[in-house]
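Let's take a friendly look at the sulfur links in this chain. Keep the picture open as you read, and try to find each pair for yourself.

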Amino acid sequence: MKASLYLVSLCFAAGIGATEQPVAGKWITDLHGQTLTDPQSSGFTWRHDELIHLGDNSAAEPMRNKLLRINPHTAKLNAAPLNITVSESVLNGCFGELFSKYPDFESLTWDRADDTVFISVTEDSSFVQLSADCKAKYGTTHSTDFPTLLVKIETDSTLSRAEITAVRPVQFPETAQVGNAPNDGIEGLAIDNSGNLYLALEQNAANAPMIFKTPYNKAFWQQDGYVKVQDSGFVLPVPDNKDHPINGLDYLAGKKAGHTGYLVAAARNDDQLWIIDLSQQQAPFVQKIAYYAPTPANSACPAYEKMVQTAIEGVAVHGDTVYLVNDAWKKHYPDNIQCPANAAHFNKFAPLLFSLPADPRWFIQQLN
C-alpha cells in the first residue's frame, strides 16, 4: 500500500479531519476501460442501482445529449452512451429551436411516482431567441430573456431509449432579483418525499445562491404554462458576497421519525457540501472536502494526489451514501497535473466519481 493511500484510508477510518474530509475518487471509464473525454458532467442522479449522468452543451460533441449509466462501485459505464431524442411536439413548440441543437442541461433527477421519467433543466440558452408570439407568451420570466426550462425525459425500465416529451418554462418571483445572467442559472434539482421539487440557483443579481421550490405531481407535465417557483427562504451558509454558487443538489431523507429531511448542495467553488435542514430547525452543516485523484498502480507516484481544482457539479444520494461527480473547468483542470501518468486524464477533461457516507454530525441536533 502506497503511503498516501494509507493516509487517506486512515483518515476515513478514524474520522480525522473535522473541517476537511478526504475523499478518494475513481476515474469514470467507458466499456473499454478508458477514461471519458470531456463529458462536462452536470446532471447526476441514482436510478435502478446505477448512477445516471448527463453533460452540458460544452461537452465534446460525441458526449452531448447523452445519458451515461455508471456502475457506482467500479465507476465504469454499464452500457454505451444513450442518445436523447426529441419529440415532434417539442420541436414544433416555442422552444423547438433550442432542442434541435444542444441544450445546456445542468441537472438531473427523477420522478418519484414514475421512475421512467427523468427531469432536467436548461441554463444558458442565449444562442437562440424566442419568436415574437412565444416572447409574448413566455417573456415574463423575471430572469433571462430566454426562459429557464424544466425538461421531461421519458425512458423505459431498461433505459434502452430516452426522449424529451415535454418542456415547461420557469417564472421566478420578481422579488428574488434573479437577474438576466444566462450562465448563472439553475444548477441543481431535487425532489423530497413530500412532492416538492427544489431548484438551486447558482447565483442571483446580488451574487448570492438561492433555492426555489414548486409542487410536483402527476399533473405537472400536463400543463404548458409557467412553473411559478417560490423562494424556499432557506438560510444558506454564504460567508460573503463573493462567488459561492450552488452547482449540484439532491435530497437526503431525515434521520428521525417525522423529520422532513435534508438537501445536500454542492458549493463548487468552496469544495464544500452544505447539508440543509428542510425544517430549518438547525443551521446548515458545512462539510469541507479534500478531493483526491488516483494514479496508475505502476507509476512512481503516490497512490492518490490531492486535487487543486475539482468543480463538483453533480450530487446523487442513495440511502446514506452521497455520490459526487466533477465538471472539469477547462481553464484550470490541467492545474491538477502532478503525476505525469495522470496528465492525459486531466488534459482530456476526464471526470471522477467520488462517494462518502452521510456523517452523523450532519444531523446531530435532530438525533439528540
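This is a predicted model: local features need pLDDT of at least 70, side-chain atom pairs count only at pLDDT 80 or more; totals for chains, interfaces and linings use all residues.

The torsion about the S-S bond is 85°, and the link of cysteine 301 and cysteine 339 is right-handed.

This pair links distant parts of the chain, 38 residues apart. Look for cysteine 301 in the loop between strand E20 (285-294) and strand E21 (304-306). Cysteine 339 sits in the loop between strand E23 (321-326) and helix H5 (343-347). Cysteine 301 and cysteine 339 are both buried.

Which hand does the disulfide of cysteine 94 and cysteine 134 have? The torsion about its S-S bond is about -85°, so this disulfide is left-handed.

Distant parts of the chain are linked here too, with the two cysteines 40 residues apart. Cysteine 94 lies in the loop between helix H2 (88-91) and helix H3 (96-99), whereas cysteine 134 belongs to helix H4 (residues 132-138). Cysteine 94 has a relative accessible area of 25%, so it is partly exposed. For cysteine 134 the relative accessible area is 10%, so cysteine 134 is buried.

## The overall pattern

Now put the links together: the structure holds 2 disulfides. If you number the bonded cysteines of the chain in sequence order, the pairing reads 1-2, 3-4.

Technical notes:
Residues are numbered from 1 along each chain as its sequence is written. Side-chain values use heavy atoms; hydrogens and water are left out. A disulfide is a pair of cysteine sulfur atoms within 2.5 Å. Helices (H or I, at least four residues) and strands (E, at least two) are DSSP runs, numbered from the N terminus. Buried means under 20% relative accessible area, exposed over 50%, partly exposed in between (1.4 Å probe, protein chains only).
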